[in-house]
Amino acid sequence: MLSSQTHTVSNMDVDVAIIGAGPSGAIAASLLRQQGHHVVVIEKQHFPRFSIGESLLPCCMQFIEQAGMLEAVNKAGFQFKNGAAFSHQGRYTTFNFSDKFTPGPGTTFQVQRADFDKLLADTAIEQGVEIRFGHQVDALDLSNNPRLTVTNEQGLQYQVNAKFVLDASGFGRVLPRLLNLEQPSNLPSRSAIFTHIEDNISDPNFDRNKILISVHPQHKDIWYWLIPFSHNRCSIGVVAEPHLLQHLSGSLEQQLLAIINEEPELHRLLAKANIVQPCATLKGYSANVSTLATNQFALLGNAGEFLDPVFSSGVTIAMQSASMAVACLNKQLNGQTVDWESQYSAPLMQGVNTFRTYVQAWYDGRFQDVIFYQQSNSTIKQMICSILAGYAWDMNNPFVKESERRLNTIVELCREPDIA
């Protein structure tokens with residue numbers, strides 16, 4: 001087993017090379033290790049390191065359990081999460097993730113990703129997974145079996161010969177760049193400004209067990225996240241198309257504080273908050289690719305496609321893709337023929353496209369009308385709650401199987417005064 005302090009230039013042969021030790025990489029490595037496959041994880045950074053995407057969905061918990069990491073996560077002291085709350089112009093509504101249509105976990109955690117990602121990586125290492133921190137993939141040769149060219153921190157190169165490569169590099173998107181797989185997203189370009197705060201929220205009605213999604217009072221396509229952590233801290237951010245933030249001036253911190261002050265309820269809640277981490281921005285984050293997988297490589301999570309942070313789907317898609325890819329890869333490594341398009345890419349995109357339907361409907365206002373409707377049908381709400389809880393691959397849920405048609409139907413029903 002290699003620690004982050006080990007320096008080597010020896011070439012190596014493995015069954016699977018994984019690029020990136022974040023949630024999808026750690027989960028995939030653990031699941032492959034369980035099956036007896038020789039895996040190496042190449043991670044450019046050292047952990048802990050900051051990453052955005054702190055609000056997990058309950059669906060994640062089943063993959064954490066499959067990877068043998070549930071006990072470690074449960075003991076880590078992360079903030080308990082049981083649902084989501086939405087606020088706009090005095091309207092407030094909640095979704096309790098346990099009251100959902102789809103079977104499976106109904107609670108999860110809100111996590112500081114630096115700690116969470118390190119915990120998963122450390123647990124994978126304890127299970128026998130080899131992770132090389134501070135090593136960077138520079139090239140990939142697919143002319144025969146995959147061969148990665150890797151550089152360590154001393155600038156020395158070596159080759160990793162693998163039977164298969166999983167790209168779990170997230171926003172680094174290593175294989176899409178190396179293999180020219182990048183394609184523009186069909187979602188508009190948006191920007192996010194975010195930080196961590198010591199929130200000092202004194203309102204007894206504030207529910208720390210839920211992520212709070214607030215909508216700007218004048219612009220329905222500007223929204224804010226407030227994700228409570230343990231120890232009196234929160235992640236706070238705003239998302240909008242760039243032209244809607246052009247009126248802001250000054251530093252990123254000044255811009256974020258100014259846009260928060262435009263939402264009265266957030267301004268009230270955070271009146272005593274202190275910023276504890278430098279503000280950061282992420283621009284044009286939505287991404288797509290021409291190919292998700294072949295019989296030589298597969299893209300996991302954000303390395304393949306990233307939609308939008310509004311429903312916290314990023315880590316869920318990452319873990320879902322890891323589990324699905326490993327199921328296919330285990331068959332291939334055991335000599336079976338795998339059709340990666342029909343057995344991995346298409347099923348994965350079924351859930352991604354379900355999320356896409358609701359992301360697009362959030363920004364055009366249709367889904368906001370549904371969420372804030374005060375006389376919603378309880379069964380319909382449970383079906384929608386399942387998607388918000390991450391169960392976007394449940395084909396028994398009509399709002400997954402026929403997401404666009406069902407959504408448009410319920411939008412029309414919301415306009416009727418006699419809905420049950």
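**A walk through the predicted model**

In strand E15, the bridge partner of His196 is Ser235, where strands (E, at least two residues) and helices (H or I, at least four) are DSSP runs numbered from the N terminus. This is a predicted model, in which local features need pLDDT of at least 70 and side-chain atom pairs count only at pLDDT 80 or more, while totals for chains, interfaces and linings use all residues. Residues are numbered from 1 along each chain as its sequence is written, and side-chain values use heavy atoms, with hydrogens and water left out.

Strand E12 (residues 191-198) pairs with E15 in the antiparallel sense over eight bridges, and two strands are said to pair if DSSP finds at least two bridges between them. Strand E14 (residues 223-228) also runs antiparallel to E15, to which six bridges join it, and here Trp225 stands opposite Gly237. E14 and E15 form a hairpin with four residues between them, and His231 in the turn has a positive phi of about 65 degrees. Strand E15 (residues 233-240) is mostly covered, since seven of its eight residues are buried, where buried means under 20% relative accessible area, exposed means over 50%, and partly exposed lies in between (1.4 Å probe, protein chains only).

The protein chain is divided into domain 1 (11-80 + 108-185 + 286-350), domain 2 (191-283) and domain 3 (370-415), with bounds that come from an automatic or database domain assignment. The centres of domain 2 and domain 3, taken over C-alpha atoms, are separated by 27 Å.

Helix H13 (residues 403-414) has 12 residues and reaches 16 Å from its first C-alpha to its last, close to the expected 16 Å, a span found as 1.5 Å times one less than the number of residues. Its buried residues are Ser403, Leu407, Ile410, Val411 and Cys414. Seen down the axis of H13, these buried residues fall within an arc of 110 degrees, so they line one face of the helix; the arc is that of the directions from the helix axis to the C-beta atoms. They pack against helix H9 (340-364), helix H10 (366-371), helix H11 (378-388) and helix H12 (398-401), and contact means heavy atoms within 4.5 Å.

Helix H1 (residues 23-34) is mostly covered, with 10 of its 12 residues buried. H1 is followed by Gly36, whose phi is positive, near 85 degrees.

Finally, Asn302 is found in the loop between strand E19 (297-299) and helix H8 (314-333). Asn302 is buried, with a relative accessible area of 16%.
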